[in-house]
Amino acid sequence: MERHAVFSYIPRMLKLEVEAKNKQMGLMSSMCRLILVTAITLAAHQFSISSSLPIGVCYGLNGNNLPPPSEVVGLYKRSGIEFIRLYEPRSDVLEALRGSGLAVALCPTNEDLASIAQRPDAADAWVNTNIAPYTRDVIFRWIILGNEVIPGPLANYVPAAIANTRNSLAAIGLANVTVTTAIPGNALEASYPPSAGAFRSDITDVMVAVAGILASSGAPLMINVYPYFAYASNPSKVPVDYALFAATTPVLTDGSFLYYDLFDAMVDAFHAALERIGYPGLRVAIGESGWPSAGNDPYTSIDNAMIYNRNLVNHVLTNGTPRRPGEIMETFLFAMFNENLKQGAVEQNFGFFYPNMNPVYPFW
């Protein structure tokens, strides 16, 4: 993620439920987390992500010490990661992807969004420059128009940019490529309880237009979901086990829906928001999710990052959410590398790998 938006999830009634549960769970929490870390570490060498599973990793480039793209592509392949998300169409990265077999999610830069939306010929030019020359030996699976530009001054360009890009892709025989956008947690005006989920009033019209065009092609809406930020901003009200998929009893009851983890609650707030604007059947995909390994002790740690990401993968591969049970979501983990040019210590430490390509913790 180029910038991590804090999900507007400051629970009110949750505090009462948490206080009661913390009395039961407090003594067990540390021991359970220690057992989880040990089990995950022992399993890490046996567990690998199958190529048929909908899991990818974001490849950010906000670092001045990152390895060459050709080596990065090799690292993806050695690690068994077959989906890669790129935030800009860099020619050196696209060249490195030739013949790799990796499925690519590619974003135009946000700065290109207005011209792509306003002029179909600009969309044609973007596709002809960044997609067409590589189609024989690069697998383009997603094009993401706008990373976290909703809400914001570029939001109104997103629907037309999606439509124009779809037409441009179809013109070169790539009508099957999924075209969507990625939005952050602060696109929601309400998110607690999840059933109250609603988009901000200043973007409702845009989201209706975006949802309509996505529904017409069967494309999911991408959402960037970070339980870490909700937990770290309010640790007295958000139990760490709830944030790490480690709770053994429901932490939140929302009508008939029981929530054992914060991730599901955050995703279902988006589901409810889509229902509220008339698109209950629109799927979501996870454009980014992860946990930093350093930068804000004690909330950031290698143990927490490993537990969260491992549990996230296991969860999305086997479960939907309480509101959408059985609906498996394509998911991109953030991020491949620690990036030293991002703002702040937390943002710099989301990587699975150090820039020298050594793992931050055993995972792949």
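Trainee: What share of the contacts in the protein with a separation of 6 or more comes from residues 24 or more positions apart?

Mentor: In this predicted model, such residues account for 73% of those contacts. The secondary structure comprises eleven helices and twelve strands, and 57% of the 364 residues count as buried.

Trainee: Why is Lys342 called buried?

Mentor: Buried means under 20% relative accessible area. Lys342 has 6% relative accessibility, so Lys342 counts as buried. Lys342 lies in the segment after strand E12 (331-333). Between the C-alpha atoms of Lys342 and Leu61 there are 9.4 Å in space, although the two are 281 residues apart in sequence.

Trainee: What makes helix H11 largely enclosed by the rest of the structure?

Mentor: The count of buried residues decides the matter: twelve of the 17 residues of H11 are buried, so the helix is largely enclosed. Among them are Asn304, Tyr308, Arg310, Leu312 and His315. H11 covers residues 302-318, and the distance from its first C-alpha to its last is 24 Å, close to the 24 Å expected at 1.5 Å a residue.

Trainee: Which residues of H7 are buried, and against which elements do they pack?

Mentor: Val206, Met207, Val210, Ala211, Ile213 and Leu214 are the buried residues of H7. They pack against helices H6 (158-171) and H10 (262-276), and against strands E5 (178-183), E7 (198-199) and E8 (221-224). As to the spacing of such positions, an α-helix has 3.6 residues a turn, so residues three or four places apart point the same way.

Trainee: Why are H6 and H7 called roughly parallel?

Mentor: Their axes cross at roughly 20° and come within 8 Å. Angles under 35 degrees count as roughly parallel, and H6 and H7 are therefore roughly parallel to each other. Their crossing is left-handed.

Trainee: Which residues of H6 and H7 meet?

Mentor: From H6, Val158, Pro159, Ile162, Ala163 and Arg166 take part; they meet Val206, Ala209, Val210, Ile213, Leu214, Ser216 and Ser217 in H7. By class, this contact has nine nonpolar residues, two polar and one charged.

Methods. Residues are numbered from 1 along each chain as its sequence is written. This is a predicted model: local features need pLDDT of at least 70, side-chain atom pairs count only at pLDDT 80 or more; totals for chains, interfaces and linings use all residues. Side-chain values use heavy atoms; hydrogens and water are left out. Buried means under 20% relative accessible area, exposed over 50%, partly exposed in between (1.4 Å probe, protein chains only). Helices (H or I, at least four residues) and strands (E, at least two) are DSSP runs, numbered from the N terminus. Contact means heavy atoms within 4.5 Å. Axes are lines fitted to C-alpha atoms, for helices over the stretch in contact, and angles run from 0 to 180 degrees between N-to-C directions. Angles under 35 degrees count as roughly parallel, over 145 as roughly antiparallel, 65 to 115 as roughly perpendicular and the rest as oblique. A crossing is left-handed if the near helix is turned anticlockwise from the far one by less than a right angle, and right-handed if clockwise. Ala, Val, Leu, Ile, Met, Phe, Trp, Tyr, Cys and Pro count as nonpolar, Asp, Glu, Lys and Arg as charged, and the others, Gly among them, as polar. The expected span of a helix is 1.5 Å times one less than its number of residues.
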